[in-house]
Amino acid sequence: MPADASSLIPPALDQLREHPEVASQEVPGLLERLAEVPDPRDPRGVRHRLAVVLALTACAVLAGATSLLAVGEWIADAPGYVLEQVGADPDPLLPRRVLPAETTVRRLLARIDGDALDRAVGRWLADRRPKAAGLRGLAVDGKSLRGAAKANGRKIHLLAALEHATGLVLGQLDVGEKTNEITCFQPLLDTVADLVGTVVTSDAMHTQHGHAAYLLGRGAHYIVIVKGNQKKLRRQLKALPWKDIPLQGRSRGTGHGRSEIRRIKAATVNSLLFPGARQAIQIKRRRTDRKTGRTTVKTVYAVTSLTAEQATATQLAELIRDHWKIEALHHVRDTTFAEDASQPRTGNAPRAMATWRNLAIGSLRTAGVKNIAAGLRRNARDPRRPLALLGLK
């Protein structure tokens, strides 16, 4: 190891190397997870360890910073105890700790390995998520960062995996310019450590034979919506004798200016034209616009690898409905963090900021905070609060 490289290793990691048995028993902290991210900088002249800069950025976003400029301002105002808790080094000449400048944060995030950063954050959240009772659902869906773009003008599109019960993002992947969500489905779920028994939900785009085979191979289940991209399967589902199948569930809800009644039927069918499919599902949604009074009825078909013994129709309806909790995450990032209004053009910085927003929302939800905006305002009033939420205090 080069002589100057040892200064880049957090002291906590040195202790873990001296006592490897501790590392095997304890859950890694945020600084340890962030230390797993490769440092893109030349070691010569580095003044701030990578994990320190990343941890300060995470604290700033958790205190409500919505831009790189705001992150830099929060770090500039951070009191000494914050810098001490994240492991910032004292200045060798002055009796204070050195602060990373906003330009340092901007340049670093522009060059950071976004996949590695998402893996580190996803693993940290996964280690701390509460145990979910019943069937564990995992929603896969994509979101474009409308305001942000790569230097060549390409819009950034991220595919994420969100746990239904906790609302935590356990994985995220940048959908590259020369590919699409379909090809990123398996690489995304490869980053989620344990899928055994998990029910993966997705929209019609991911109703793919290859996806189903992959999930079954990992011991997971699926519920997929069937539309025009699977014409033979859809025709098969529509042709089933639904009139002879009794209604198995009915629920009512309101939201987005409309009331909705959902009716579900499920039937065991062993000849479905999809790998591992065991049940066919029909959902009828009757929606009424509360302003105009206009009513529409839509029929949705789906298939699942879950048998009738593994999941009732009511449970299937809940899993399908909970899939859209990932849209709630996107809504919070757009409205509370002004993600779509943000227009950074610096390398991987837009994607990294999306990762910090996922971390902020996840840490607040893990702490039981329901109103994310209120939680951010509370954090902004006391720098100790972000530290506590991230386990750095």
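Predicted model: local features only at pLDDT ≥ 70, side-chain atom pairs only at ≥ 80, totals over all residues.

Visitor: What makes up the fold, and how are helices and strands defined?

Guide: The protein has 16 helices and nine strands. Both are DSSP runs numbered from the N terminus, helices being H or I with at least four residues and strands E with at least two.

Visitor: Why is Ile223 called buried?

Guide: Buried means under 20% relative accessible area, exposed over 50%, and partly exposed in between, with a 1.4 Å probe and protein chains only. Ile223 has a relative accessible area of 2%, and is therefore buried. This residue lies in strand E5 and touches, among others beyond four places away in sequence, Val199, Ile281, Val303 and Leu316; a contact means heavy atoms within 4.5 Å. Of the 393 residues of the protein, 49% count as buried.

Visitor: Why does Ala338 count as partly exposed?

Guide: Ala338 has 29% relative accessibility, so the term partly exposed applies. Ala338 is found in the loop between H13 and helix H14 (349-366). Its phi is near 50°, a positive value in a residue other than glycine. Most residues other than glycine have a negative phi.

Visitor: How do you know that the buried residues of H10 line one face of the helix?

Guide: The buried residues of helix H10 (residues 209-217) are His211, Ala212, Tyr214 and Leu215. Seen down the axis of H10, these residues fall within an arc of 160°, so they line one face. The arc is that of the directions from the helix axis to the C-beta atoms. They pack against helix H9 (181-190), E4 and E5.

Visitor: What makes the pair of Tyr222 and Phe274 edge-to-face?

Guide: Rings of Phe, Tyr and Trp (its six-membered ring) pair if their centres lie within 6.5 Å; planes under 30 degrees apart count as stacked, over 60 as edge-to-face and the rest as tilted. The structure holds two aromatic pairs. In Tyr222 and Phe274 the centres are 5.5 Å apart and the planes stand at 75°, so the pair is edge-to-face. Tyr222 lies in strand E5 and Phe274 in the loop between E7 and E8, so the pair ties together parts that are 52 residues apart in sequence.

Visitor: Why is the pair of Trp242 and Tyr301 called tilted?

Guide: The angle between the planes is 40° and the distance is 6.2 Å centre to centre, so under the ring definition the pair is tilted. Trp242 lies in the loop between helix H11 (231-238) and E6, and Tyr301 in strand E9, 59 residues apart. Trp242 is buried, and so is Tyr301.

Visitor: What is the volume of the largest pocket, and how do its lining residues divide?

Guide: The largest pocket has a volume of about 940 Å³. On a 1 Å grid over the protein atoms alone, a pocket is an open set of points where a 1.4 Å probe fits, with protein on both sides within 12 Å along at least five of seven lines; lining residues have an atom within 4 Å of a point. A volume is the space filled by probe spheres set on the points, which are joined across faces, edges and corners. The lining divides into 10 nonpolar, 11 polar and 14 charged residues. Ala, Val, Leu, Ile, Met, Phe, Trp, Tyr, Cys and Pro count as nonpolar, Asp, Glu, Lys and Arg as charged, and the others, Gly among them, as polar.

Definitions and conventions. Residues numbered from 1 in each chain as written. Heavy atoms only, no water.
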